[in-house]
Amino acid sequence: MPIGGHVVLCGTVGIGGRIAEQLYRAGETVVVLEQFASPELPTLAREWGLHTVPPAGSIADTLAAAGLDRARAIVCVTGDDLTNLQIALLARQDHPELRVVAQVGNTAIRQALTTDGGPGAVLDVATLSAPAIVDACLRRQVHPLPIEQQDFRVAVLPVDRPGTLRARFGDLAPVAVIRGGTGEVLAGPGRDLEIAPDDWAAVLGTPAEFAAAGHPPDTLVEAPAPPPAHPRWRRITAAVTGVLADFDRGLFRALIALVTLVGVSTVVLWRGYRLPGMSALDALYFSTETVATVGYGDFNFVDQDPWLRMWAIFLMLAGITTTAMLMAFLADMLISRRLNHGIGRRRARGASGHMVVIGLGSFGIKVAASLLAAGHRVVIVERDAGNRFLADAAALDLPVIFGDATLRSTLEAARVPDAAAVAVLTGNDMVNIETALAVRDLLGPAWGQGPTLPVVVRVFDRGLGRTVARRFGFRHVQSTEEVATVWFVGAALGLDVLGSFPVADRTFMVGRLRIDTGTGLVGLAMHELSRNARVIAIDRGGAGRLEHPPRRGTRFGPGDLAYVVGPYEELIGLLRSARAW
């Protein structure tokens, strides 16, 4: 294959297709291995100009046929950790200087590959995407960005009075502005942009700069406290009601029959027992004693009329039968509670201010673990009783409710109306949308009235996600694969991605660029960069001393390290300008 400087892509299913698209939009030449591609590859190849390579025998032979010796990078996202590991090891063995980017979910394997010393990155989609979901659940407006031992933060702050960004936020660097009326996101705005009280501004700076602008660090609350729990009597009532619901209805029938039997016997003995002074209390005591087949000798039927002695025989037989049924139903409930403890329905009773995670996959378990680490109670809803992540949930002591989350009964069992947030994270877009609509219907009139609980919906397709958000009024629709794609594309093209964060429905990225001699960025001033990207700081010559903030006339020099923030498309464009071939 005569191509050179291309990117070899192994896998176009799921995130692989998104990576192929973004590499194409970045102007890269992409070579796809057919044996790891989706059935839609011919269509994708025509649309994005992808080059395809058929199987040529072993994986090593196929990689050679793809021109790996002339490639810029190889991206392994086949969906199988073992296959990704095999491809990554083969590529690293034959081409030590090649950038190898691989998706590996297994933590131990990921750490082993990361320490091999070669260029590239070993990434996990769930690990990269989970923080965005956690931030939405916790309503975080502050995102920490540690850069070379320096503490930077991005905060999304409301605009309380009209004016310019410079007048309102001082030396804080504006990253984006969200227009209140339309929701439009303006990336990399100038400091003299006029803002209105309905707008929101994403600004970046150090704690000292936030304090100077009137936003001390202790006032930047990362997440509001969860709603207060219900009063103790309401929690006790909910727990008791839940326990009663566990009993079989036959238990209540047996209990009613036993009470009726004792009540009738009390009246019969009170009126028919031949003993002067037999009180109603004596009759109740004797009836209970007879039903329980416990005799103390203080009362008996030896000298009573035959009909009353026949009644005593019936009373003892009926009492034994009814009591046995009652004990059987009680034992069944206790044994069922023991066997089904892991199901979680009982543990969720009385919960309030908790987080509900729907979908126990590799992604859901990471989100649940992060929410738990943040000090919040978590309840999981999962359809599959054989889910392979149940052991992880048990290790974290997370209650799991098995059921269809699109059903009202399942959502009520998870106490969704009393939750602090709901994260819908199954691997099926339509199931996620249907579940989110079921949550909205369950909340009823409370939906949309004032600050409601965040309902975070995972939708793979970004266009579908935006349409769903507009049509159904969802405020937190997350394309988790889009967040992860930023890291894979950046790593493949040589951008050191340091972090990413959402601003409304757009993903912003923080990266590090090396300004090498002979590139188009040497001698370039800050104001000559793309207007949508902003330089946070410059490390002159890579000496570890940050120049912050750089001024408009500051120019890049050879060997500098530039720390930049902006929409990832803009940063990829900067990377292309920085490369010299």
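**Close-up views of a predicted model**

**View 1. An open sheet of five strands, with antiparallel pairing, has the order E7-E8-E13-E10-E11.** Strands (E, at least two residues) are DSSP runs numbered from the N terminus, as are helices (H or I, at least four residues); two strands pair if DSSP finds at least two bridges between them. At the edges are E7 (142–147) and E11 (185–187), each pairing on one side only. From one strand to the next, the twist averages 20°, with axes fitted as lines to C-alpha atoms and angles running from 0 to 180 degrees between N-to-C directions. This is a predicted model, in which local features need pLDDT of at least 70, side-chain atom pairs count only at pLDDT 80 or more, and totals for chains, interfaces and linings use all residues. Residues are numbered from 1 along each chain as its sequence is written, and side-chain values use heavy atoms, without hydrogens and water.

**View 2. Strands E10 and E11 run antiparallel.** Three bridges join E10 (residues 173–178) to E11. Alanine 176 has alanine 187 in E11 as its bridge partner.

**View 3. The largest nonpolar core has 51 residues.** Such a core is a set of buried Ala, Val, Leu, Ile, Met, Phe, Trp, Tyr and Cys residues joined through side-chain atoms within 4.5 Å; buried means under 20% relative accessible area (1.4 Å probe, protein chains only). Ile19, Leu50, Val75, Phe488 and Phe556 touch the most other members. Helix H18 (residues 480–493) supplies the largest share, eight residues.

**View 4. Isoleucine 19 has contacts (heavy atoms within 4.5 Å) with Leu9, Val75, Val77, Thr485, Phe488 and Val489.** Neighbours within four places in sequence are left aside.

Methods
Buried < 20%, exposed > 50% of the residue type's maximum accessible area, 1.4 Å probe, protein only.
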